[in-house]
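Please look over the sequence and the model before reading on.

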Amino acid sequence: MNVPAVTVSEVPAGATLLDVREDEEWAAGHAPEAVHVPMSAFLERLDQVPDGPLAVVCRVGGRSAQVTAYLRNQGRDAVNVTGGMLAWEAAGRPVVADGPGPAQVV
C-alpha cells in the first residue's frame, strides 16, 4: 500500500490529527489535540471525521496507513504519520491520558 506519509515533525500545520487506535490505547495516552475515531468502528463513525486535511496516526503506522488509503480513495486530503504515536512520544510531543496514572503510548 503506497500512501502519502509524513514524520511527526512534518505533520502539516492546520491538519487535524486523527487517532485511529482502539479505546484502551487512546485512554492510556494520546495527543491532546487529536480526534479519536477507532479503526474498528471507522465506517460507522465516519461522520465524526472532521473536514479538512488529516494526519492519521495509530501506534506504529500500519492501521493508520489503511485508514489513510481509504480516506484518499474517498477524495479526502489525508497523510499517514510514519512511526505513529510511538514516534510522537519519542519526539517529545505531548501525550495525555484519560485515566489514572501517567500518560503513555501502549
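This is a predicted model: local features need pLDDT of at least 70, side-chain atom pairs count only at pLDDT 80 or more; totals for chains, interfaces and linings use all residues.

Residues are numbered from 1 along each chain as its sequence is written, and side-chain values use heavy atoms, with hydrogens and water left out.

**The sheet**

Five parallel strands make up an open sheet, in the order β1-β5-β4-β2-β3. Strands (E, at least two residues) and helices (H or I, at least four) are DSSP runs, numbered from the N terminus. Two strands pair if DSSP finds at least two bridges between them. At the edges are β1 (5–6) and β3 (35–36), each of which pairs on one side only.

| Strands | Bridges | Residues opposite each other |
|---|---|---|
| β1 and β5, parallel | two | A5 and N80 |
| β2 and β4, parallel | four | L18 and V56 |

Buried means under 20% relative accessible area, exposed over 50%, and partly exposed in between (1.4 Å probe, protein chains only).

**Helix α2**

Helix α2 (residues 62–73) lies across β2 (16–19), β4 (54–57) and β5, and runs at about 175° to β5. Axes here are lines fitted to C-alpha atoms, for helices over the stretch in contact, and angles run from 0 to 180 degrees between N-to-C directions.

Which residues of α2 are buried? They are S64, A65, V67, T68, A69 and L71. Their cover includes β2, β4 and β5. Just after α2, G75 has a positive phi of about 90°.

**The nonpolar cores**

A nonpolar core is a set of buried Ala, Val, Leu, Ile, Met, Phe, Trp, Tyr and Cys residues joined through side-chain atoms within 4.5 Å. The largest one has 15 residues, and L17, A55, V81, M85 and W88 have the most contacts inside it. At least two residues of this core come from each of β4, β5 and α3 (84–90). Apart from it lies another core of 11 residues, including L18, V20, V56 and L71.

Contact means heavy atoms within 4.5 Å. Leaving aside neighbours within four places in sequence, V81 is in contact with V6, V8, V11, L17, A55, V56, V57, G61 and S64.

**Two single residues**

M85 sits in helix α3. M85 counts as buried because its relative accessible area is 0%. Though 28 residues apart in sequence, M85 and V57 are 6.6 Å apart in space, C-alpha to C-alpha. Beyond four places in sequence, the contacts of M85 include D19, H30, V57, C58 and V105.

S40 belongs to the loop between β3 and β4. Is S40 buried or exposed? S40 is exposed, because its relative accessible area is 55%. A polar contact of 2.5 Å links the side chains of S40 and E22. A polar contact is a pair of N or O atoms within 3.5 Å; within protein, one must be able to donate a hydrogen and the other to accept it, and residues adjacent in sequence count only if both atoms are side-chain atoms.
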